[in-house]
Amino acid sequence: VRMALFCVGPMTMNHSCSQLCFLLPSCVTRSAPLSLPLEVRELADTYKLPIHMDGARLMNAAVAQRVRASDILRHCDSVSLCLSKGLGSPVGSIIGGRKDFIERAVRLRKVLGGGMRQAGVLAAAGLISISDMVDRLEDDHRNARTFAQGIKMYATPFCEVDVDTVETNILLFTINSPLATTEEFCRRMGEVSEEEVAETGRGVRVLLLPIYGHILRAVWHLDVSEEDTRLALGKLQFVVNKLEQRST
């Protein structure tokens, strides 16, 4: 909030005029505290700014904190909610706000060519996302934490992870060994070799994303099960063991 206060201000010759406060309910692995929207609300009211919540991970934050989404949104003027990702729809987002805001949003969408015919097929998937897929986000959070615990158990000190920070479905961990770069580690996790099939009886591909430095990111969603997580941990052990054997 202090940083936002530094950024907010009237238009000058060198700066544009602030028009909106923009919030995220979850920052990477952790959920934002419930007190944050209220603190931002006080700042926004001072400068007469509306607050918009980017709700791409709103439901993850609500499930992680065991509150309703409306509790997080209490001090916001508008929200966008992504129905894909963890909620499982193939595509789509919805926007919420006051009646006049929605009317203006619908008109602007039309002006910009955003209309869509036969949208009911996608809307049907969106309804299922909202009604049936929110509670199961707990599964994604639990699987991410299980993988983090597996890293700590099977891959330390090659990899490092802070299990206590894993609150949602996103996991960040660090490659601490000079035996492999993050790019090589990701490549080995994502490929299947004849050696792996011969030793383990199956081939498993795990897709990881290098973020920056030695940090990697893994994300759980509807299509990654508890069994998939167990297999991914087996692949992690296999890759780490092979890299360590290479150095001896």
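View 1. At 16% relative accessibility, valine 134 counts as buried (buried is under 20% relative accessible area, exposed over 50%, partly exposed in between, with a 1.4 Å probe and protein chains only). This is a predicted model, where local features need pLDDT of at least 70 and side-chain atom pairs count only at pLDDT 80 or more, while totals for chains, interfaces and linings use all residues. Residues are numbered from 1 along each chain as its sequence is written, and side-chain values use heavy atoms, leaving out hydrogens and water. Valine 134 sits in the loop between helix 6 (120–132) and helix 7; helices (H or I, at least four residues) and strands (E, at least two) are DSSP runs numbered from the N terminus. Setting aside residues up to four places away in sequence, valine 134 touches Met59, Val63, Leu87 and Ser129 (contact means heavy atoms within 4.5 Å).

**View 2. The largest nonpolar core, and a second one.** A nonpolar core here is a set of buried Ala, Val, Leu, Ile, Met, Phe, Trp, Tyr and Cys residues joined through side-chain atoms within 4.5 Å. The largest has 31 residues, and those touching the most other members are Phe147, Ile151, Leu171, Phe173, Phe185, Leu208 and Leu236. Two or more residues each come from helix 7 (137–154), strand 8 (170–175), helix 8 (182–190), strand 10 (215–219) and helix 10 (226–246). Helix 10 gives the largest share, eight residues. Zoom in on isoleucine 151 and, neighbours within four places in sequence aside, you'll find contacts with Thr156, Cys159, Val161, Leu171, Phe173, Leu233 and Leu236. A second, separate core has 23 residues, among them Ala62, Leu87, Met133 and Leu137.

View 3. Beyond its neighbours within four places in sequence, threonine 182 is in contact with Ile175, Pro210, Gly213, His214, Ile215 and Leu216.

View 4. Strands 8 and 10 run antiparallel and are joined by five bridges. Isoleucine 170 stands opposite valine 219 in strand 10.

**View 5. Two cavities.** The whole structure holds two cavities of 30 Å³ or more. On a 1 Å grid over the protein atoms alone, a cavity is a set of points where a 1.4 Å probe fits but cannot get out, and lining residues have an atom within 4 Å of a point. Points are joined across faces, edges and corners, and the volume is the space filled by probe spheres set on them. The largest cavity comes to about 60 Å³, and its lining includes Leu23, Pro25, Met53, Gln65 and Ile72. That lining splits into 10 nonpolar residues, one polar and no charged (Ala, Val, Leu, Ile, Met, Phe, Trp, Tyr, Cys and Pro count as nonpolar, Asp, Glu, Lys and Arg as charged, and the others, Gly among them, as polar). The second largest cavity is about 40 Å³. Helix 3 (58–65) and strand 5 (78–82) each supply at least two of its lining residues, and the lining has five nonpolar, three polar and two charged residues.

Definitions and conventions: On a 1 Å grid over the protein atoms alone, a cavity is a set of points where a 1.4 Å probe fits but cannot get out, and a pocket is an open set with protein on both sides within 12 Å along at least five of seven lines; lining residues have an atom within 4 Å of a point. Two strands pair if DSSP finds at least two bridges between them.
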